[in-house]
Every structure is written in C-alpha cells, then in structure tokens.
Amino acid sequence: MEKLKLSIIKRLYFAKAQSIAELSAAVGKSVPNITNSINQLIDSDLVIQNGLAPSTGGRRAASFALNAKALPFILSVAIDQFYSSAVILDFANRPQTKILTEQILLQNEDAFIKICSLIAKTLQQVDQASVFVIGITLPGFVDGFEGLNNSFDKSSPFYKIRENIEKEFGIRTEVENDSTAIAIAEHNFGKGVDARDVLVVNLNWGVGLGMIIDNDLYRGHSGYAGEFSHIPLSDQAKLCSCGKKGCLEVEASLVAARDFANDMLKAGEESVLQATYLQQGYITGDELLAAANAGDQLAIKAVRRIGYMLGKGIATLIHIINPEKIIISGRGAKAKRVLLPEIQSALHEFAIPRLSKNTRLEFSDTANVQLLGGGCVAVANLDKLILKAINRIIN
C-alpha cells in the first residue's frame, strides 16, 4: 500500500489534478486499489478533492490533487560553473523562501564549502525539520543512482556529492545532471508538456542536452547520453574544457559569446558595455545578454555568432533523433529575439527539410527552470525510505 501511495503522490505532483480513472491508467493499478489509497491519503490530509475532471461525454468524475500545505518541503540547489542558487519549494513548486544566489566558481577549492554555506543560509529561513529532501543539480557526468559526479577527481567533495551533503546536513539528498533535470522540468511543467519526443537544449555557460523519448527520459547505455556540447562541429583549434578540440561548445556557448565580446571591447569596439568593461576589466554573460536584448550591436553580434553554430548542432540532432520538438532552455533562452533568426538560418542551410519541417523549435519561458528541475528530481526519486521519514504525515 505504501508503494501505491508513493506512486499516486508522484503522479499528482507531475500531472497535477487527476481522476481515479486517470490515476489507474497512469499507475497501472485497479480502480478499487486506487480508490482505497486515495481515501487513505485524503484521511491523512495529503490529497484533496479538486473539483470535477473534464467531461469525456458522460458524468464528470471527481479529480484529486495534492494538498501541498500538508506535505513537507524540498530544498532545491542549482549549481553551474559560476553561480549557485537555492530555494525551498513545496509540492506545488511554490517558493517558500527567497531564492538565494551567489557567485561560486565551481573549479575553486572552496566551492563546496561555499555551496554548503548557501544551503545553510536557505535552511535558516524555515524550520529545518520541515525539509525532507535536497535536490541538487549541477553540470558534469552525474550518476544520480550512485550520487556521484564523475567529472571530479575522487579526492574532491563533489565526487561523492550526495554522501557529503547528507553528512553535512542530515537530510536525504538526490543529485542529477543540470541539463537532465531541466529536461524533466520542461517536459512536465514547461514547453514540453505536449510532446512525447522532445530534446531540451540547456544553453548556459556550456551547451547541455536532455532527451525525452516516448515520454521517458533517455540516459543511454552508461547513463551519459546527451553530451551535445562535445559534438565535433567546430573548425576552431581552441581547446574545449573536455580536453579535445573541435567541440560545439567552444563556439556555441555563452562563454564563447562572452569571450568574443570581451575581446572586441579590449580592441576598443564601441558598445554600451565599454564603461562596464573599463571598470571591471571584463563583462559577464548576464551583462552581455541584457545588452543584446537592449539592442547593443556588439552584444547582438556576439550572441548571433553562437546562434548560428547552435543551429548547426540542432540540425545534427534533428537528423539523428527526428524529435517532435526542440526547446532552447537555460540562461541563454533569454536571448530568443537574437538567437532565433540565426538558428533558423543554420537549419535552412544544414537540415534536410523533410525532417526539420516536422520538428517544432521553441524557447523556454519557464522561470528558474533549473531550480524547478531540482524539485522534480527530488520527487521522482521518492521511495519507501522517504515515505517512512514522513510517516507521521502519511499515517
């Protein structure tokens, strides 16, 4: 019965309100069993009736939803190469605290200590006992099943990140690759809700990819499918962060756009960013995106350069996967107005029309999508151990 309750809680989190019949079809259990579990969850105040389901031609059935006010909280932590953010969410994905964001360089020796400090500051905003799981998303070869990030040396605290965070805070922790988590969030709550086969490009400091195939997350044989940024499409001799040359990332990431803009500013090219550059000695990726959206010609030029190469990479994805939809998500989605024409130009040049005409390209407007992804990862990994930890609520 506990396992069935868990399945129902997960389904209601990801699909929101559902009827008994819909839950039965989704979970694969009989209507009487679903009804019995729903009644128990209602008695525990974890599920509430949520009006009537849409009519299918007959009498409208009752629909049910999670009572987020009665469920414990999730602490979501979003880590990238330069910034980390944290927030506490409820089961309706509503923030219960302010989103705290700090500049933390992931390659620095003190990065783990600073991230722990960020988590501690976030926990201080609520009763820590109300937080039953931490969902952490970060770049790299993340093994969510083992709780490891294989992009780090075994001596690094980020290698056994799940174990080390659990030791630090005494709270169950789940970890996932950032692009994978973003794909899960977009598929369930964003632009991908209406697609069975959707590829989500995480345009950030690097270029990640999450793949949903036939409504399921595709991880590949060893769990690392989606290393889009390391497809060898670049003609530049610049060394990638992976140690190879020719990777898409060296021409299609926000770091590539930022570096190009900094080089042009150093050479004296006119831009509204010159004052910032002269004061700081550099500009950040966020400053570049803001300037591009405001119409600065240098910033537009820098962003356009990565858009064309990104479109070339997307053409490759269309040829291999033939997806229903491709979503540009992550930090770079803010530059839709500048990026879209360049991506479309590259698709016209490199993609076979018979394939590309059936793939929809969209830009995400999901707010704080990586933090949302952390919540999704935490809920997706609910198991009996978690259920026992909140047993006082369920039973």
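Q: Which residues is Leu 288 in contact with, leaving aside its neighbours within four places in sequence?
A: In this predicted model, Leu 288 touches Ala 257, Arg 258, Ala 261, Leu 273, Ile 283, Ala 299, Ala 302 and Val 303. They count as contacts because contact means heavy atoms within 4.5 Å.

Q: What makes Leu 288 stand out in the largest nonpolar core?
A: That core has 49 residues, and Leu 288 is one of those that touch the most other members, along with Val 201, Phe 228, Leu 310, Ile 314 and Leu 339. Helix H11 (297–321) is among the elements that give two or more residues to this core, and so are helix H10 (285–293) and strand E14 (325–329). H11 gives the most, with twelve residues. There's also a second, separate core of 37 residues, and Leu 12, Leu 23, Ile 38 and Ala 183 are included in that one.

Q: Why are H10 and H11 called roughly perpendicular?
A: Their axes cross at roughly 110° and come within 7 Å. Angles of 65 to 115 degrees count as roughly perpendicular, so H10 and H11 get that label.

Q: What kinds of residues make up the contact of H10 with H11?
A: Seven are nonpolar, with no polar and no charged ones. On the H10 side you'll find Leu 288, Ala 291 and Ala 292, and they meet Ala 299, Ile 300, Ala 302 and Val 303 in H11. Ala, Val, Leu and Ile are on the list of residues that count as nonpolar.

Q: What makes H6 roughly perpendicular to H14?
A: Helix H6 (residues 178–189) and helix H14 (residues 369–380) pack at an angle of about 85°, with their axes 8 Å apart. The range for the label is 65 to 115 degrees, so H6 is roughly perpendicular to H14. The residues of this contact divide into nine nonpolar, two polar and two charged. Among the residues that meet are Asp 178 and Glu 186 in H6, and Gln 370 and Gly 373 in H14.

Q: How do you know that Glu 102 and Lys 121 meet in a salt bridge?
A: Check the N to O distance: it is 2.8 Å. The cut-off is within 4 Å, so the pair qualifies. Glu 102 lies in strand E6 (residues 100–103) and Lys 121 in helix H4 (residues 111–123), so the bridge ties together parts that are 19 residues apart in sequence.

Q: Why does Glu 102 count as partly exposed?
A: Its relative accessibility is 22%. Buried means under 20% and exposed means over 50%, so Glu 102 falls in between. Lys 121, at 37%, counts as partly exposed too.

Q: What makes Arg 360 and Asp 194 a salt bridge?
A: The closest N and O atoms are 3.4 Å apart, and the cut-off is within 4 Å. The pair links distant parts of the chain, 166 residues apart, with Arg 360 in strand E15 (residues 360–363) and Asp 194 in the loop between H6 and strand E11 (198–203).

Q: How do you know that Asp 214 forms a salt bridge with Arg 196?
A: Their closest N and O atoms are 2.3 Å apart, and within 4 Å is what's needed. Asp 214 is in the loop between strand E12 (207–213) and strand E13 (216–217), while Arg 196 is in the loop between H6 and E11, so the pair ties together parts 18 residues apart in sequence.

Q: What joins Asp 194, Glu 324, Lys 325, Arg 360 and Glu 362 into one network?
A: Salt bridges that share partners do that. A search of the whole structure finds 16 salt bridges.

Technical notes. Residues are numbered from 1 along each chain as its sequence is written. This is a predicted model: local features need pLDDT of at least 70, side-chain atom pairs count only at pLDDT 80 or more; totals for chains, interfaces and linings use all residues. Side-chain values use heavy atoms; hydrogens and water are left out. Axes are lines fitted to C-alpha atoms, for helices over the stretch in contact, and angles run from 0 to 180 degrees between N-to-C directions. Helices (H or I, at least four residues) and strands (E, at least two) are DSSP runs, numbered from the N terminus. Angles under 35 degrees count as roughly parallel, over 145 as roughly antiparallel, 65 to 115 as roughly perpendicular and the rest as oblique. A salt bridge is a side-chain nitrogen of Lys or Arg within 4 Å of a carboxyl oxygen of Asp or Glu. Buried means under 20% relative accessible area, exposed over 50%, partly exposed in between (1.4 Å probe, protein chains only). A nonpolar core is a set of buried Ala, Val, Leu, Ile, Met, Phe, Trp, Tyr and Cys residues joined through side-chain atoms within 4.5 Å.
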